[in-house]
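Please look over the sequence and the structure first, and then follow the points below.

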Amino acid sequence: MASKNTTCLPPMKATSEGVFQGNNPLHYALPLVILQICLVLVLTRVLAYLLKPLRQPRVIAEIIGGVLLGPSALGRNTDYLHAVFPARSLPVLDTLANLGLLFFLFLVGLELDLKSLRRTGKKALAIAVAGISLPFILGTGVSFILRGTIAKGVSQGPFIVFMGVAMSITAFPVLARILAELKLLTTDVGKMAMSAAAVNDVAAWVLLALAVALSGTGRSPLVALWVFLSGSAFIVLCSFAVPPIFKWMSQRCPDGEPVDELYVCATLGMVLAAGFVTDTIGIHALFGAFVVGVLIPKEGAFAGALVEKVEDLVSGLFLPLYFVSSGLKTNVASIKGLQSWGLLVLVIFTACFGKIAGTVGVTMLCKVPFSEALALGLLMNTKGLVELIVLNIGKDRGVLNDQTFAILVLMALVTTFITTPSVVAVYKPAKAPAKSEYKHRTVYRKGSSTSPFRMFFTFHGIRNLPTMINLIEASRGTGKKETLTVHAMHLMELTERSSAILMVHKARKNGLPFWRKDPNADSDQMVVAFETFQQLSKVTIRPTTAISAISSMHEDICNGAESKKAAMIILPFHKHQRLDGLLETTRAEYRHVNRKVLEHAPCSVSILVDRGLGGSSHVSASNVDSLITVLFFGGHDDHEALAYGARMAEHPGINLVVVRFILDGNVKSGSVSVEIDEPGTIEARSMDDDVIEEFKEKLMKDGTNKYIERVVRDAYEAIEIIREHSRCNMILVGRMPEGELVASMRRKSECPEMGPVGNLLISGKIMTTASVLVVQQYHTQLSMHSLASLKEDETTDQGDLSSSDNHEGNSKYYKPCKRLVLYFHDILYNGKNAANATSAIVGAPQWGNLTNLADQSHFGDVVVMDDPITLDNNLHSPPVGRAQGLYLYDVKTVWTAWFAFSFILNTTDYHGNFHLIGVNPSSQKTRDLSVVGGTGDFFMHRGIATLSVDSVEGEVYFRLRVDIKFYECW
């Protein structure tokens, strides 16, 4: 009877003919697997985003996502389970998942450096052995309890080994990311954890191979022995055959050149072939892929190219399917009753106790402090993907039943989840005690100094190197009094990509000099560049690598600068120069990093806008011929910029020009009204004078350096002078100069953190090929204006910073966000002045005419104008724009008019137009007209224009003063 009711479903076809042909896409393999992949990606990414504040690795989100999609949660709805994950689709899903897993383990093996394992110290080796032995022994004990309760009938030998392996595993890739996230990679705890975890990882694979060999279903006990011996022979054969082949390939892939596609395809084919061989032997296809990855030489560009080409597709698309495949086998509901939940607690406790106790015990014997030993034990308790692989193999081989499998999956999830918060709670890495006091936090130092001069350069990649090395060359001074030490930090973003492990290996060499112990070692382009420069100059360069998320990268920079006692941090600007000379955003996130460093730096900070200082290659000391310009307005930041420029001027190949701007005291407010209190006190000006005098005394003796004072009436004249002196190799400016003159320049803030002068130099208003260095001097507490500039959003228009705290929303201000004072001159055509007339009557009543007006009130006359606009009340001053439109005399008894015209500006500060509309009653002293924005710098602006008659000459000429205040700026 049973056989009659049993129906065998036909295999799924690959593709459907579409719903219009009556086909259900979910009954066909390809559309169904596409839906499954999309569902997995969306759910795991959402969970990863939600868990990010808890600083959990993405593997946690993927494990939880797989469990939620399975019978433990959503799968409890049988309609959903049969529709989205029907039994017929599971072979296809499992095949794709295992194929992705196969290549992922190839990448893990590719990033496991056997040479580093050979160099593992005795301490790390002892920790690794203890971290494996005690959990394995305790896991063996727990296996007997489980066999007597919920795992009756399973084969004893394989079950003991699988339980021991499951308890003793440490997930090396997950641990690497946790250490990087907690910034423990370069600490003693981090180094020991990584070394011990690498040994643990290799040992776990050996034990797993043994477990798989023992779990075979062959009747003869010799089968397990044959499997083990065949696997060992495969490893030995690969150890001799694989490295020479890949070394030959690597030699034909030079750095900087694309890797031949043939070599990539041959490698991937060899990975699949190795997987086929190990699967045929009876171990698992994953072992073959892992062994090939481990044996590929890590030197040269070949290994990196393989990672780059394979990892995104594998880890981003196919690997999450494995977690779903595992989740579909996990049924938390199978854990029923008090006994089962008690066993879950027992398994979790045993796993944690074994790892932590074994690690802490041996670590304490090595005379490591208890807090570090406990943190190390918690870190070694990290589980992850390898744990799931062990459990799934055990489930597929029939060693683990549903209930045991679910308990062990939850154990892996809990132990990994608690790692980060536990380590944060028990371990706070103590800062190394300073050997000497951190005295010199600025470049500017009163008097002479013979102490070492330390600079902290940061860079994101090779693009930053040429200008950075040329700037180091310019900064080394004469080399007589001070020695320059440069700490160069390579900023690398920590991602969820598997190649993050490669970055971990780089971090192990933090702060070490460029010593080549192995002549055949990997010759990284950046290392070669620094090493070559160090040999040619008297500068000591120490390389450092910072691996962290963008959100916390500034902490690495600030901590690194403080530990090295740097006098100045050099940051790359978040934009780079395009071929047409304009600046283009490299990554907007780097701007966030720069702002945070400016706010929290332990020393002075400079932001380098790279326009090719010295060209695209290093300029040797004898060939340096550069002109450096310092723009000096006053204030502490300008003092620091001048001090740095003075140091550069000590180089024999550098000429320095210092341009000091002084506001003419006889000129009252001009084109811009400033409502802001600046610290332009007598004391501040006296300090500026002292700094200038000190500079003159030191560097004005040989005649190669110049000091120029320019007295200006307003910001417009200052900008013209800046344009005059922009033809140089580099311009140094203070980030937040002080004084009324600079305050009047705070207008358009594309990048407020660059300051008013820095923004001017990076905008298109001053076309220059000079690199720009924007300098901020260290202070224990930044000024209000400095902090405000770090909080503003990009492309925010503002007339003065004092209004930034008095606004609604993003752009509505109680105080004007922008203010202009302009004059326009109207010369009416009277029949005799055609040469200089700027307006004419184009419409008049019948009793009037178009030249000499008949009526005193001009009622009915329509005048069209094209009047010049000036910054002052002088008709003969250079016009900065035109007032174009018309006005209509609209009252019989009073001389008044209705205006409708546009101001079209083309000044050094503003480009664009805006429109004035309203009544202009001439009898009133001042009149307000509505102002509506038009184009350019006045897009979507609104405000009020206050008009007042400044001069009238008969009926031919009048001049209006227009005080424009914008209250909405976009």
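This is a predicted model: local features need pLDDT of at least 70, side-chain atom pairs count only at pLDDT 80 or more; totals for chains, interfaces and linings use all residues.

Which residue forms a salt bridge with K395, and how far apart are the closest N and O atoms? The partner is D402, and the closest N and O atoms of this salt bridge are 2.9 Å apart.

**Salt bridges: count and the K395 pair**

- The count of salt bridges comes to 16, and the pair of K395 and D402 is one that meets the rule, with its closest N and O atoms 2.9 Å apart.
- D402 counts as partly exposed because its relative accessibility is 43%, a value that falls between the 20% under which a residue is buried and the 50% over which a residue is exposed.

**A salt bridge between distant parts of the chain**

- The side chains of E493 and R587 meet in a salt bridge, with 2.7 Å from N to O.
- This pair links distant parts of the chain, since E493 lies in strand β2 (residues 484-493), while R587 lies in the loop between β6 (583-585) and α24 (588-600), 94 residues apart.
- E493 counts as partly exposed because its relative accessibility is 28%, and R587 likewise counts as partly exposed, with a relative accessibility of 27%.

- R58 forms a salt bridge with E62, and the closest N and O atoms of the two are 3.3 Å apart.
- Both R58 and E62 belong to helix α3 (residues 58-69), where they are four residues apart, which is about one turn of the helix.
- Both partners, R58 and E62, are buried.

**A nonpolar patch on the surface**

- On the surface, L210, L214, L222, L225, W226, F228 and L229 form a nonpolar patch, and together they have about 670 Å² of accessible area.
- The elements that give two or more residues to this nonpolar patch are α10 (188-214) and α11 (222-251).
- Helix α11 gives the most to the nonpolar patch, with five residues.
- W226, one of the residues in the patch, is found in helix α11.
- W226 counts as exposed because its relative accessibility is 59%, and the cut-off for an exposed residue is over 50%.

Definitions and conventions: Residues are numbered from 1 along each chain as its sequence is written. Side-chain values use heavy atoms; hydrogens and water are left out. Patches are made of residues with over 30% relative accessible area and no salt bridge: like charges are joined within 9 Å, nonpolar side chains (Val, Leu, Ile, Met, Phe, Trp, Tyr) within 5 Å. Accessible areas come from the Shrake-Rupley method with a 1.4 Å probe; for residues, only the protein chains shown count as cover. A salt bridge is a side-chain nitrogen of Lys or Arg within 4 Å of a carboxyl oxygen of Asp or Glu. Buried means under 20% relative accessible area, exposed over 50%, partly exposed in between (1.4 Å probe, protein chains only).
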